[in-house]
Amino acid sequence: MLTVAFIRENKDLVLNGLAVRNFTDAENIINQVIEKDASRRATQAKLDNALSESNKLSKEIGILFKSGEVQKANIVKEKTGQLKELTKTLNEKLSAYEAELSDLLYQIPNIPNKLVPSGNSENDNETVFREGDIPKLHDGALPHWELAKKYDIIDFELGNKITGAGFPVYKGKGAKLQRALIAYFLDKNSEAGYTEVQPPLLINEASGIGTGQLPDKEGQMYHVGIDNLYLIPTAEVPVTNFYRDVLLKESDFPICNTAYTPCFRREAGSYGAHVRGLNRLHQFDKVEIVRIEHPDKSYEALEDMVNHVKGLLQELKLPFRILRLCGGDLGFTSALTYDFEVFSTAQDRWLEVSSVSNFETFQANRLKLRFKNKEGKSQLAHTLNGSSLALPRVLAGLLENYQTVDGIKIPEVLVKYTGFEIIN
RNA sequence: GGAGAGGUGGCCGAGUGGCUUAAGGCGCACGCUUGGAAAGCGUGUUUAUGAGAAAUCGUAACAGGGGUUCGAAUCCCUUUCUCUCCGCCA
């Protein structure tokens with residue numbers, strides 16, 4: 001979330017930013033924030049004075065009791081009674097203001113970077129890069145769900161039986177290809193300087209709040225009620241939360257982590273929640289990269305991440321494009337996002353395989369992730385993350401684009417991981 | 001699952017109602033000392049928040065939340081985490 005101080009000092013900038021997102025009612029909410037904040041601060045000043053007074057009196061009482069002047073002490077005691085009433089009501093007021101203020105702040109999305117184009121939907125996203133030839137497939141080329149069945153490498157029906165729709169079973173060379181991709185992505189990320197980590201797959205409430213899934217998107221996560229834990233929707237959640245309530249030194253930057261995890265998403269209410277094949281699943285595998293950066297370096301880092309992901313798709317020789325998301329399509333917490341899409345020839349459509357974002361201080365503020373700057377003051381760090389890469393759609397793209405009459409070829413860079421060159 | 005013991009500053013650790021933001025030690029920073037270093041000596045060393053141009057001052061925080069009290073690290077309730085033993089177990 002945005003900090004109150006930022007909103008107070010940059011009201012116009014905030015309003016303009018929210019306009020790029022088509023955020024309605026912005027002026028009203030921002031005014032309320034400023035108003036509640038002023039009330040909050042005034043109330044705190046009053047409360048602090050009252051507490052200060054009452055601390056003084058308590059000390060006096062202590063001294064009086066020690067010296068045996070019990071009567072005098074009792075007189076002072078009476079005074080503190082009134083103060084107690086006062087601090088009680090002021091405290092209640094203060095908590096109320098704080099609660100109202102954070103309710104408001106939770107509703108305000110991040111301010112988009114200058115580069116973000118305005119727009120309402122994915123149609124207004126800006127294509128900033130495109131590479132790779134669309135392969136010409138033989139007659140009778142199939143979409144991946146048909147290929148999966150033909151070569152018996154992914155069994156959707158079996159997943160239905162065990163769990164339900166959106167939980168496929170990978171088999172034989174399909175399972176091996178999946179594992180190969182994970183190993184390949186992790187190796188490439190490590191080479192690029194990311195530290196490999198294996199986080200827990202369940203998170204507590206505090207972590208969900210830290211990265212913004214809670215309090216109001218709990219419907220999107222699977223919840224284990226008996227222990228009040230949530231299955232992670234992405235590795236971003238546990239890995240970014242490593243740094244919750246942390247005060248870094250400048251010399252700690254940059255922090256670069258990569259993690260492979262399964263991801264669990266309920267996809268409640270999302271359009272086409274049960275589309276065919278691998279395009280949208282409740283459980284899928286993803287390799288994520290997460291960075292914590294100095295604010296001055298975060299956009300450099302974003303570019304570096306984009307180039308890194310670009311390199312992966314180039315090596316896999318998949319046709320892809322990079323989109324800069326428009327205000328209307330930008331995630332709630334992001335300031336700038338680049339989506340990577342692979343073209344699937346057999347489906348004749350673009351499939352999102354990665355999303356790389358800079359959140360600036362938006363997550364760090366909730367996480368209380370700070371560093372000591374050169375002036376010795378603590379300052380919020382910037383957080384970034386991206387998929388590097390999400391497995392199912394990469395897999396779909398590979399199966400569909402690499403199919404031949406003899407079988408599905410394996411990209412050269414993956415052969416040393418799979419141990420085979422073709423699925424037939 | 002059963003029984004017990006604990007959670008204090010960057011770390012170790014003292015502290016069972018007021019003079020404790022918290023002894024002592026370690027670490028770290030600066031200064032003195034030294035040819036240089038070490039040792040020694042001295043000084044300093046939490047975070048958040050409110051007021052202020054700033055210096056600074058106030059408030060809050062001893063796992064989290066609530067309570068008792070004029071006053072809580074200290075007493076009570078509660079949640080949570082860690083450790084030990086037993087049980088079960090990949």
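Student: What makes β9 and β10 count as paired strands in this model?

Tutor: In this predicted model, for which local features need pLDDT of at least 70 and side-chain atom pairs count only at pLDDT 80 or more, while totals for chains, interfaces and linings use all residues, residues are numbered from 1 along each chain as its sequence is written. Strands are DSSP runs (E, at least two residues) numbered from the N terminus, and two of them pair if DSSP finds at least two bridges between them. Strand β9 (residues 255-264) and β10 have 10 bridges in the antiparallel sense, so they are called paired. Within that pairing, isoleucine 255 stands opposite isoleucine 292 in β10.

Student: How do you know that β10 also pairs with β16?

Tutor: The same definition applies: β10 and strand β16 (residues 382-390) share 7 bridges, again antiparallel, and therefore qualify as a pair. Here valine 290 stands opposite asparagine 385 in β16.

Student: Why is β10 called mostly covered?

Tutor: A residue is buried when its relative accessible area is under 20%, exposed when over 50%, and partly exposed in between (1.4 Å probe, protein chains only). In strand β10 (residues 283-293), 10 of the 11 residues are buried, so the strand is described as mostly covered.

Student: What makes β8 and β15 edge strands?

Tutor: The open sheet has 3 strands in the order β8-β14-β15, with mixed pairing, and β8 (246-249) and β15 (378-380) each pair on one side only. β8 pairs with strand β14 (residues 369-372) in the parallel sense over 4 bridges, and the bridge partner of leucine 248 in β14 is phenylalanine 371.

Key:
Chains lettered and ligands numbered in written order. Heavy atoms only, no water.
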